[in-house]
Each structure stands twice: as C-alpha cells, then as structure tokens.
Amino acid sequence: LKKLIIKYCIIAVATNSTMTRTVVFTATAILIGQSLSSCVAFSPAASTSSFSFALNDAVNTPVEPPLNPLLSQIKPSKTVEVFSLVKQMEAEGETVTSLCVGEPDFAPPQCVLDAATAAMNGGQTRYTAVTGTADLRKAIAEDLKTRKGVEYNPVTEIVVGNGAKQCVYQGLLAACGAGDEVIVPAPYWPSYPEMALLVGASPVILETSVDDGYLINPDALDKCLEEHPKAKVLMLCNPSNPTGGVHSTELLTQIAKVLEKYPNVVILADEIYERLVYTDDGQCTSFASLPRMFSRTITINGFSKSHAMTGFRLGYLAAPERFAKATSVLQGQITSCASSVSQAAGVSALNDVDDSWLENNVVIMKEKRDYVLQELAKMDGVSVSVPPNGAFYVLPDVSKYYNGDDTQLCLDLLKEKKLALVPGESFGAPGTVRISYATSMEELETAMTKLREFLESL
C-alpha cells in the first residue's frame with residue numbers, strides 16, 4: 001500500500017489529476033486507520049481546491065542549492081564584523097570612536113598620488129602581466145636587496161598581488177593542501193587559521209607566553225613540529241598583528257636552527273609591518289636572509305601599512321622561483337593582475353618617497369604607542385606585560401573584567417560608550433582586546449577616556 005501511495009503521488013503531481021488525488025487521500029486514510037468521512041480535510045467537496053493550492057505551493061517552492069560544506073568551518077572576521085557595525089551606527093547618525101581597524105590615519109605621499117593620476121591620464125589603465133609590471137617588480141627586488149639583504153630575480157621570483165592578503169592565501173595554497181598542517185603561533189591574525197582551512201589543511205595553534213611578549217619560543221616550536229609530522233607551513237608574522245611584538249635577529253636565528261631539523265616545512269613570513277619598528281636600530285630582519293632559509297621562505301609584503309595605501313590593494317610575494325611560479329599560476333586563475341594604476345603608484349612609493357617621510361611616521365606612531373601604554377597603565381585591572389616594539393597595535397589583558405569574556409566587554413563598550421575595539425578571542429588571545437593606535441592623537445585621547453570611564457563603572 002505504501003508503494004502504491006508513492007506511485008499515485010508521483011502520478012498526481014505529474015498529471016494534475018483530481019481523481020488521482022482522491023485515490024491518494026483514500027489510501028492514506030486507510031493506512032492511518034481513519035475513515036475518509038471523518039477527515040474533513042480529505043472531503044472531495046471541501047478539500048480538493050485547498051489541496052491543489054497546497055500541492056502547487058509545494059511544487060513551486062524553490063529549493064535552495066546547498067552551499068559549499070567548507071563554509072561551515074570558516075569563521076567571519078571579527079575585525080570586519082566590528083568595523084561593519086561601526087559603519088552601520090555612523091550611517092544611523094551616531095558618533096563612534098573606532099580603534100578596530102589597522103589603517104594609518106595619514107595620507108599616502110603626494111608623489112604616490114601624483115603617480116596614480118599620471119598613470120590614469122597617461123593611459124596606463126589596461127591589464128598588466130599577471131605577476132605585475134616589470135618596473136614594479138624591478139623596484140621591489142631592488143628594495144629587498146638594498147634594505148633587507150635578500151636578492152630576488154624580478155622576472156621569476158616576484159609576484160605582485162591585490163594586497164598582501166591575497167599573497168598570503170596564494171602562498172599557502174601553493175605550499176600545502178589537504179591532509180597537511182599549518183603551524184599558527186597565537187595570538188594570530190584571524191585570517192591565518194581560516195586560510196589554512198580554505199586550502200584544505202588543518203591549523204595547529206602554537207601557544208606563546210605573554211611574559212615573552214607573545215614571541216615564538218624555539219623549544220616550544222621544536223616540540224610542536226615533532227608532534228605534528230604533517231606540518232608543511234609555519235606562519236611567521238613579524239612584526240606581529242595583533243601583538244606588535246618584534247622577533248629579534250637572535251631569536252629568528254634560533255627559530256631557523258629549529259627549522260633545519262624539519263626540512264619539509266615552508267616558512268610563510270608575513271613582513272607587512274616591517275617598516276614600523278620602534279627598537280633602537282629600527283630594524284626587522286627578513287627571515288629569508290638567514291642562513292639556509294632562503295630556499296624555503298615565502299616573503300609577504302606590501303604598501304598598505306608603510307605608505308598608507310590600503311585602498312590601492314597592492315602587495316607582493318617574493319620567493320624562490322618554484323613557489324613564485326606556482327602562485328602566479330594560481331593568481332592567473334583567480335584575479336589575474338593587480339590594478340595597473342596601483343602598480344604605478346607602487347613604483348613611486350619605492351623609488352620616489354624619501355626615507356625621512358617613513359622615519360617621521362615611525363616617530364609619530366611611537367609617540368602614539370607610548371601614549372596608549374601610559375594611559376592603560378593608569379587603568380586598574382589592565383596590563384601589558386611587554387611593550388610592543390612594532391606595527392601599531394597593543395593587546396592589553398582585561399581578563400579581570402567580565403570573567404574574561406572579552407567579546408561581551410567589547411559589545412557593551414560599543415553600546416554604552418560608542419568605542420569600538422576588537423575582542424582578543426578572535427586573535428586566539430581570550431581575555432584581551434586589540435587596540436589599534438593608527439589614528440589621530442585626538443581620537444586616541446577620546447578613546448582612552450571612554451575606556452577608563454567604562455571600566456571604572458563596572
């Protein structure tokens with residue numbers, strides 16, 4: 001009888017037959033032990049019309065195709081979520097103090113803007129080579145050789161992308177895949193573990209200590225790699241987002257010695273903040289420059305942080321030819337080339353901007369860092385064990401509030417004081433908040449006042 005019902009159901013849908021539906025009703029009623037006359041809904045006189053509507057609705061209701069199951073594993077960026085909420089509040093007329101986005105508050109150098117204008121007026125508005133213009137790749141190679149002591153062939157070992165973020169993803173995609181593992185030191189940039197998942201690999205979180213300034217401990221790295229033989233990539237963000245920590249040359253050398261024991265591990269060195277260092281010598285050693293590390297290091301850099309060119313979406317990858325070629329193939333199938341206008345601006349950033357402009361920005365950023373640290377030190381229950389020496393972030397511990405629930409703290413702070421910070425949980429550092437001081441001093445003063453008043457009210 002069940003098979004018969006199914007058969008008639010199919011026929012009923014296909015033929016739009018009222019008689020067939022009546023047979024289906026009768027058989028269904030018998031199956032569930034009820035008489036047709038006792039079921040008002042099954043009365044041919046009363047129900048045929050309503051059933052027809054119900055049947056048509058069921059047939060015509062669109063079935064949404066499923067999304068990629070991989071998306072269920074990917075977390076949205078908390079930074080983007082908070083920033084979007086801020087923009088929504090501002091659109092509704094509210095004034096929000098935001099320290100959530102890592103974006104310099106100063107404009108790019110005038111010569112960079114002029115170069116972009118000249119490129120548009122001069123007809124440089126067409127596709128370039130996937131890997132970037134010859135002029136930009138040559139300028140990048142010369143800059144890395146002069147400042148970092150690392151030589152790359154501009155023709156075969158430099159790939160220009162649509163921002164450093166794309167280059168990080170393509171580097172991962174070229175270096176590892178399904179079944180591999182990616183070592184991600186915590187605290188981390190939230191995109192690292194998600195990108196590992198996107199390429200089919202598994203992120204392995206390497207915890208660091210606040211007392212060490214959240215820098216990688218070579219012994220802990222050694223143990224982690226020994227316990228994870230499937231590890232293919234080590235993410236190394238130096239200077240660090242979100243901590244601002246800078247690995248010294250001595251510490252990087254110790255890390256390199258550990259990695260010599262694991263020759264199959266590629267180092268993806270994200271050095272996007274390397275022009276923002278506040279140590280006495282102001283230097284940030286390129287990991288690729290260390291002995292025996294060049295052949296296995298993919299270096300990521302760009303123009304967003306150093307030259308305030310966030311909207312230009314311009315970054316690059318520098319690596320041995322086999323990695324660079326692999327990433328250029330990937331980029332050719334994903335986005336093709338970066339903007340021709342942005343690339344012209346990038347050439348000017350490397351060739352025309354005087355070092356004094358960059359050095360002056362470092363001085364200003366250091367003053368802002370010092371001010372934020374000074375104000376945080378006055379707040380009860382807030383601590384920064386090791387002052388950050390790079391980038392433009394501070395990651396204070398606020399775990400004494402809200403029982404360590406930094407997400408709720410940030411939500412209430414935004415609601416009550418209209419101050420936007422990013423919860424540390426999203427960076428793998430629960431009980432902390434990330435403060436970006438890449439804004440005006442006036443904005444920082446307002447933000448610190450709001451934070452202090454909020455915490456004092458708890």
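**Questions on a predicted model**

User: Why is cysteine 284 called buried?

Analyst: The relative accessibility of cysteine 284 is 3%. Buried means under 20%, and therefore cysteine 284 counts as buried. Cysteine 224, at 7%, also counts as buried.

User: Why does threonine 131 count as buried?

Analyst: Threonine 131 has a relative accessibility of 18%. The cut-off is under 20%, so threonine 131 counts as buried. Threonine 131 is found in the loop between α5 (110-121) and α6 (134-148). Beyond its neighbours within four places in sequence, threonine 131 is in contact with Arg137, Ile158, Val159, Val160 and Ser328.

User: What makes leucine 444 a buried residue?

Analyst: The relative accessible area of leucine 444 is 0%. Because buried means under 20%, leucine 444 is buried. Its place is in helix α15 (residues 441-456).

User: Which residues are in contact with leucine 444, leaving aside its neighbours within four places in sequence?

Analyst: Contact means heavy atoms within 4.5 Å. With those neighbours left aside, leucine 444 is in contact with Leu99, Lys368, Tyr371, Val372, Ser436, Tyr437 and Thr439. Arginine 369 is 75 residues from leucine 444 in sequence, and their C-alpha atoms are 9.9 Å apart in space.

User: How do you know that the span of α7 agrees with what a helix should have?

Analyst: Helix α7 has 12 residues and, at 1.5 Å a residue, should span 16 Å. The expected span is 1.5 Å times one less than the number of residues. The end C-alpha atoms of α7 are 16 Å apart, so the two values agree.

User: Which residues of α7 are buried?

Analyst: In α7, the buried residues are Ala164, Gln166, Cys167, Val168, Gln170, Gly171, Leu172 and Ala175. In the protein, buried residues make up 51% of the 458 residues.

User: Where does the lining of the largest pocket come from?

Analyst: The largest pocket is lined by 27 residues, and Val101, Gly102, Lys165, Trp189 and Lys305 lie nearest its centre. Helices α4 (78-91), α7 (164-175) and α8 (191-198) each give two or more residues to this lining. By class, the lining has 14 nonpolar, seven polar and six charged residues. The space in the pocket is about 630 Å³.

User: What makes a space a cavity rather than a pocket?

Analyst: In a cavity a 1.4 Å probe fits but cannot get out, whereas a pocket is open. The search finds two cavities of 30 Å³ or more.

User: Which residues are closest to the centre of the largest cavity?

Analyst: The largest cavity has a volume of about 130 Å³. Of the 14 residues that line this cavity, the closest to its centre are Pro185, Pro187, Cys237, Ser240 and His247. Strand β5 (residues 231-237) gives the largest share of the lining, three residues. The lining has 10 nonpolar, four polar and no charged residues.

Notes
Residues are numbered from 1 along each chain as its sequence is written. This is a predicted model: local features need pLDDT of at least 70, side-chain atom pairs count only at pLDDT 80 or more; totals for chains, interfaces and linings use all residues. Side-chain values use heavy atoms; hydrogens and water are left out. Buried means under 20% relative accessible area, exposed over 50%, partly exposed in between (1.4 Å probe, protein chains only). On a 1 Å grid over the protein atoms alone, a cavity is a set of points where a 1.4 Å probe fits but cannot get out, and a pocket is an open set with protein on both sides within 12 Å along at least five of seven lines; lining residues have an atom within 4 Å of a point. Grid points are joined across faces, edges and corners, and a volume is the space filled by probe spheres set on the points. Helices (H or I, at least four residues) and strands (E, at least two) are DSSP runs, numbered from the N terminus. Ala, Val, Leu, Ile, Met, Phe, Trp, Tyr, Cys and Pro count as nonpolar, Asp, Glu, Lys and Arg as charged, and the others, Gly among them, as polar.
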